[in-house]
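Biologist: I would be grateful for a close look at a single part of this structure, namely the sheet and what surrounds the strands within it. Please treat the matter as one connected account.

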There are 2 protein chains.
Amino acid sequence: MKLSIIKIGGNVIENKEELSKFLKAFSELKGPKILVHGGGKLATKLGTRLGIKSKLIDGRRITDEESLGLITMVYAGLVNKNIVAELQSHDCNAIGLSGADGDTIQAHKRPVKDIDYGYAGDVDGVSTKTIAKLLEAGLTPVFCAMTHDGKGQLLNTNADTIASELAIGMSGNYETILYYCFERKGVLLNVNDDDSVVKNIDSASYQDLLKQKIIADGMLPKMENCFHALQKNVHQVRIGDISMLDPKSTLFTTLTL
Amino acid sequence: MKLSIIKIGGNVIENKEELSKFLKAFSELKGPKILVHGGGKLATKLGTRLGIKSKLIDGRRITDEESLGLITMVYAGLVNKNIVAELQSHDCNAIGLSGADGDTIQAHKRPVKDIDYGYAGDVDGVSTKTIAKLLEAGLTPVFCAMTHDGKGQLLNTNADTIASELAIGMSGNYETILYYCFERKGVLLNVNDDDSVVKNIDSASYQDLLKQKIIADGMLPKMENCFHALQKNVHQVRIGDISMLDPKSTLFTTLTL
C-alpha cells in the first residue's frame with residue numbers, strides 16, 4: 001500500500017492563506033498520509049517578544065533550555081494544534097504528534113564536537129508499529145519537528161530529517177512517497193526561471209547536476225537527504241511547491257535511485 | 001475492564017518536584033488509564049511576559065484570540081509534551097492530545113448570555129471508538145484542556161469537565177474510575193484538619209453535607225460535576241491528593257450514587 005509523507009516548509013506555515021490552501025489539498029490526497037512541519041520563523045518571532053534570542057548556525061538552531069521551551073510551545077502547541085483543527089474541518093482525522101508521543105521517534109542529544117547545538121536530537125529510530133496502528137485506525141499523523149531521548153528529554157530535530165526518517169522507517173510496511181514542499185516548483189535549471197523544473201533526477205543525472213553546479217548551496221543538503229532516503233528503500237521523493245499535491249500536476253521534480 | 005481517568009490540578013503542574021512524583025505514581029498505576037491536565041497558572045505567567053492580560057471570572061478564563069494562542073502554546077505544547085516525555089522515561093507509552101487530535105472531544109463555542117467567555121468550549125461528545133483504539137494499542141492518552149468545534153476552531157475547556165466527559169463517554173466500554181487530584185486529601189469535615197477526610201459520600205450523605213455547609217464555595221461545582229458523572233454511569237469518583245494513586249492509600253474521598 002502507498003503512504004504519502006509530506007513535509008511543508010516555513011514559507012507555507014508563515015502564510016495563513018497559503019497554509020489553508022495547502023491543508024485543503026492535503027486533506028484531499030487519497031490513501032494513508034503523514035504531515036511533517038517545523039515553525040522556526042514563528043518561534044523566532046515569539047522569542048523576540050519574550051526577549052529570547054534565537055541563535056542559528058547554517059540555518060540550524062542552537063537549542064538552549066529557553067529555546068527548547070519556545071519551540072515546544074510553537075511547534076507542538078500553536079502550529080501543530082491549529083493545523084490539526086483545520087484538517088478536522090476538512091474531514092481529515094488528524095492527530096498531532098511529537099516524537100515523544102507514542103514514543104514514535106527516538107533520538108539522542110547531538111554530541112558536542114565543534115559546535116554545541118544544545119537540545120538538538122539526532123534520530124535513532126521510528127516506532128513503525130505504533131504509527132501503522134494510528135494509520136490503520138484511520139488517523140492522519142501530523143508531526144512537529146521534535147523528538148525525545150526516552151529519558152524525559154524533548155529534543156529539537158530538523159523537520160526535513162524527521163520526514164525522511166519517517167519515510168525510511170515506514171518503507172518496510174508501505175510503498176512510501178516522500179514530498180518536500182517548499183517555495184519553488186522543484187529543482188530549477190535556471191534559478192531565475194520558475195518553469196525550468198528538472199522533472200526527473202536519478203543517481204546518474206544527479207552527479208551531472210552537481211558537476212554543472214546546478215545543485216549547490218542550500219539545495220545540496222536537501223538533495224543528500226533525499227538520496228539517503230532512496231537508498232534506504234523510500235520508493236520516490238518529490239520536490240516542488242504546494243501545487244504538486246494536485247493529482248493533475250506534473251510540474252515538480254521526481255527523484256529516484 | 002477498568003479504566004482510570006485522572007485529572008491533576010494546577011498545584012501539581014506548577015511544582016516540578018510534585019509533578020515528577022505524581023507522574024511516577026501515575027506510570028505505576030495498573031491497567032488502561034487517561035491523564036487530564038490544564039495549566040492555567042503557567043499560561044497566566046507567560047501571558048504576563050508577553051503583555052497579554054489574563055481575564056478570569058469566577059476562576060474561568062475569558063478566552064480572546066490572544067489568550068487562545070497562549071493556552072494552545074502552554075497547555076498543548078509546553079505542559080503536555082513535557083508530561084508525555086517524562087512518562088515515556090517511566091516506560092508509560094503516553095500520547096498527548098487535545099480534543100482536536102483524532103477528533104476525540106467535540107465542542108461548541110459557549111453562547112454569549114451575561115458573559116462573553118470568548119473561545120470557551122462546551123463539550124458535545126467524545127469519540128469513544130478512537131480513544132478505545134489508542135488504549136488497545138497500549139497507549140496512554142494525556143489530554144490537555146482544549147477541544148474543537150470541527151470547523152477549524154480550537155476551544156478552551158475546563159479540565160475538570162474534560163475529565164468527567166471522558167469518563168462518561170468511556171463508561172459504555174469500561175468500568176470507569178474518575179480521580180480528581182487536588183491539593184487536599186479529600187472532602188474535609190474540618191478545613192483546618194487535613195486528616196478529617198470524609199471517606200465515603202453517596203447521594204444521601206451528600207445532601208447532609210450540603211445542609212451542614214461542609215461542602216460550599218469552590219467545592220460545590222466540583223461535587224456537582226462528580227455526581228453528574230456518576231448519574232451518567234461513571235462507576236466511581238475519587239477525590240484526594242496525589243497520594244491516592246498509591247494502591248495502599250485509603251485516605252481519600254470516594255463518591256458513589
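Modeller: In chain A, strand β13 (residues 236-240) and strand β14 (residues 253-255) run antiparallel and are joined by three bridges. Within this pair, I239(A) stands opposite T253(A) of β14(A). The coordinates come from a predicted model, and the account below should be read accordingly.

The two strands belong to an open sheet of eight strands in chain A, ordered β5-β8-β2-β1-β11-β13-β14-β12, with mixed pairing. Its edge strands are β5 (94-97) and β12 (200-201) of chain A, each of which pairs on one side only. Helix α6 (residues 159-170) of chain A packs on this sheet and touches β1 (2-8), β2 (33-37), β8 (140-144) and β11 (175-181) of chain A. The direction of α6 makes about 170 degrees with that of β11(A). Helix α8 (residues 219-231) of chain A lies across β11, β12, β13 and β14 of chain A, and runs at about 155 degrees to β13(A).

Chain B can be described in corresponding terms. Its open sheet of eight strands has the order β5-β8-β2-β1-β11-β13-β14-β12, again with mixed pairing. The edge strands of chain B are β5 (94-97) and β12 (200-201), and each pairs on one side only. Strands β13 (residues 236-240) and β14 (residues 253-255) of chain B pair in the antiparallel sense over three bridges; R238(B) has T254(B) of β14(B) as its bridge partner. Helix α6 (residues 159-170) of chain B packs on the sheet, in contact with β1 (2-8), β2 (33-37), β8 (140-144) and β11 (175-181) of chain B. Its direction makes about 170 degrees with that of β11(B). Helix α8 (residues 219-231) of chain B lies across β11, β12, β13 and β14 of chain B, at about 155 degrees to β13(B).

On one pairing, β1(B) and β11(B) are parallel over seven bridges, with I5(B) opposite L178(B) of β11(B). On another, five bridges join β11(B) to β13(B), and these strands also run parallel; here Q236(B) of β13(B) is the bridge partner of I177(B). In a regular strand, side chains alternate between the two faces of the sheet.

The loop between β11 and β12 of chain B contains R184(B). Its relative accessible area is 36%, and R184(B) is therefore partly exposed, since that class lies between the 20% and 50% limits. Leaving aside residues up to four places away in sequence, R184(B) touches V191(B), D194(B), G240(B) and D241(B). V234(B), by contrast, is 50 residues from R184(B) in sequence and 22 Å away in space, C-alpha to C-alpha.

The nonpolar side chains complete the picture. The largest nonpolar core has 166 residues, of which F22(A), L35(A), M223(A), F22(B), L35(B) and M223(B) touch the most other members. Residues up to four places away in sequence excluded, F22(B) touches I6(B), I8(B), V12(B), L35(B), C181(B), I242(B) and L245(B).

Aromatic rings also take part in other arrangements. Over all chains, the structure holds four aromatic pairs. K33(A) lies over the face of F26(A), 5.2 Å from the ring centre, while the charged end of R110(B) sits over the ring of Y117(B), at 4.7 Å from its centre.

Notes
Residues are numbered from 1 along each chain as its sequence is written. Chains are lettered from A and ligands numbered from 1 in the order in which they are written. This is a predicted model: local features need pLDDT of at least 70, side-chain atom pairs count only at pLDDT 80 or more; totals for chains, interfaces and linings use all residues. Side-chain values use heavy atoms; hydrogens and water are left out. A nonpolar core is a set of buried Ala, Val, Leu, Ile, Met, Phe, Trp, Tyr and Cys residues joined through side-chain atoms within 4.5 Å. Buried means under 20% relative accessible area, exposed over 50%, partly exposed in between (1.4 Å probe, protein chains only). Contact means heavy atoms within 4.5 Å. Two strands pair if DSSP finds at least two bridges between them. Helices (H or I, at least four residues) and strands (E, at least two) are DSSP runs, numbered from the N terminus. Axes are lines fitted to C-alpha atoms, for helices over the stretch in contact, and angles run from 0 to 180 degrees between N-to-C directions. Rings of Phe, Tyr and Trp (its six-membered ring) pair if their centres lie within 6.5 Å; planes under 30 degrees apart count as stacked, over 60 as edge-to-face and the rest as tilted. A charge sits over a ring if NZ of Lys or CZ of Arg is within 6 Å of the ring centre and within 35 degrees of the ring normal.
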